[in-house]
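Open the model in your viewer and keep the selection tool ready. We will go stop by stop.

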Amino acid sequence: MRIGIVEDEAVWRDKIRDIVEKYCRDKKFSVQVNAYGSGRDFMESPEADLLFLDIELADGEEDGEDGFKIAEKLQESGSRCRVCFLTSHTEMARQGYKVNAFRYIDKKYPEEIGEALGAFFRTKIQERIIYCKDTAGIQIKINLSGLLLVETSGRKLRYLMLDGREHFCEGLISEAAQSLSPFGFFQVQRSYIVNLKYIERVNSREIMLCNGVEIAIGRTHGREFKKAFFRWRMLFDD
């Protein structure tokens, strides 16, 4: 994972880098952080998954390469880099809709950087597509960020999406649980795998998902579920 910082003021550049590195260190995320004093330096090799970008770069007065221009170039290049704009003038933020900015961070409130990082990692960890064959043998594409749960349905697996769509596919729930576990999913009992992101309420016996569905926690799954759920909350609840 690569995080870039483009800020022409050294004091701010160092401060932002310290905040980013501390957050990732505390959360045990392995990232590469690169800081640049100008947009020109960054654009020589614009490789970043997330970019903290100052809107009002000093070199912009000379060649027009302010933060918005850099974001536009990234967008035009097809880059999937998410951009968090940094500014002391929040009234400028509304211009960022043109480049689909991920966040606008007021420099008066640097604690917002942590919130932006948390939101980014929550999105990134489930930014995956999986494929499975349905009952007709047709390959189905499933976006993990929209997958609410997986349950056994006869000899098939039912993939229930957040928007209510469902797919019935071939497979074993034990194998599905193993392949989904790195992306924030957990098998809470022998018949259900749930997306930890969409758990609304939990107690020692059951969970409730954001759509109101209640699922009992299996006796043999309880201890490991608590560990997985606690770790998820620790990583992504800010």
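Where is the place of E7? Select E7: this residue sits in the loop between β1 (2-6) and α1 (10-26). Helices (H or I, at least four residues) and strands (E, at least two) are DSSP runs, numbered from the N terminus.

Before going on, note that this is a predicted model, in which local features need pLDDT of at least 70 and side-chain atom pairs count only at pLDDT 80 or more, while totals for chains, interfaces and linings use all residues. Residues are numbered from 1 along each chain as its sequence is written, and side-chain values use heavy atoms, with hydrogens and water left out.

**Stop 1: around E7**

Is E7 buried or exposed? E7 is buried, with a relative accessible area of 0%. Buried means under 20% relative accessible area, exposed over 50%, and partly exposed in between (1.4 Å probe, protein chains only). The side chains of E7 and K107 make a polar contact at 2.9 Å. Such a contact is a pair of N or O atoms within 3.5 Å; within protein, one must be able to donate a hydrogen and the other to accept it, and residues adjacent in sequence count only if both atoms are side-chain atoms. Show the other neighbours too. Leaving out residues up to four places away in sequence, E7 touches W12, R13, Y36, G37, D54, L57 and K107. Contact means heavy atoms within 4.5 Å.

**Stop 2: helix α5**

Select residues 112-125. This is α5, with 14 residues. From first C-alpha to last, α5 reaches 20 Å, close to the 20 Å expected at 1.5 Å a residue. That expected span is 1.5 Å times one less than the number of residues. Colour the buried residues of α5, including I113, L117 and F121.

**Stop 3: the cores**

A nonpolar core is a set of buried Ala, Val, Leu, Ile, Met, Phe, Trp, Tyr and Cys residues joined through side-chain atoms within 4.5 Å. The largest has 19 residues, and I3, V20, L50, F52 and L117 have the most contacts inside it. α5 gives the most to this core, with six residues. Centre on V20. Beyond its neighbours within four places in sequence, V20 is in contact with I3, V33, F52, I113 and L117. Apart from this core lies another, of 17 residues, among them C132, V150, L157 and F183.

**Stop 4**

For C24, the nearest cysteine sulfur is that of C84, 12 Å away. C24 is buried, at 2% relative accessible area.

Terms used: A disulfide is a pair of cysteine sulfur atoms within 2.5 Å.
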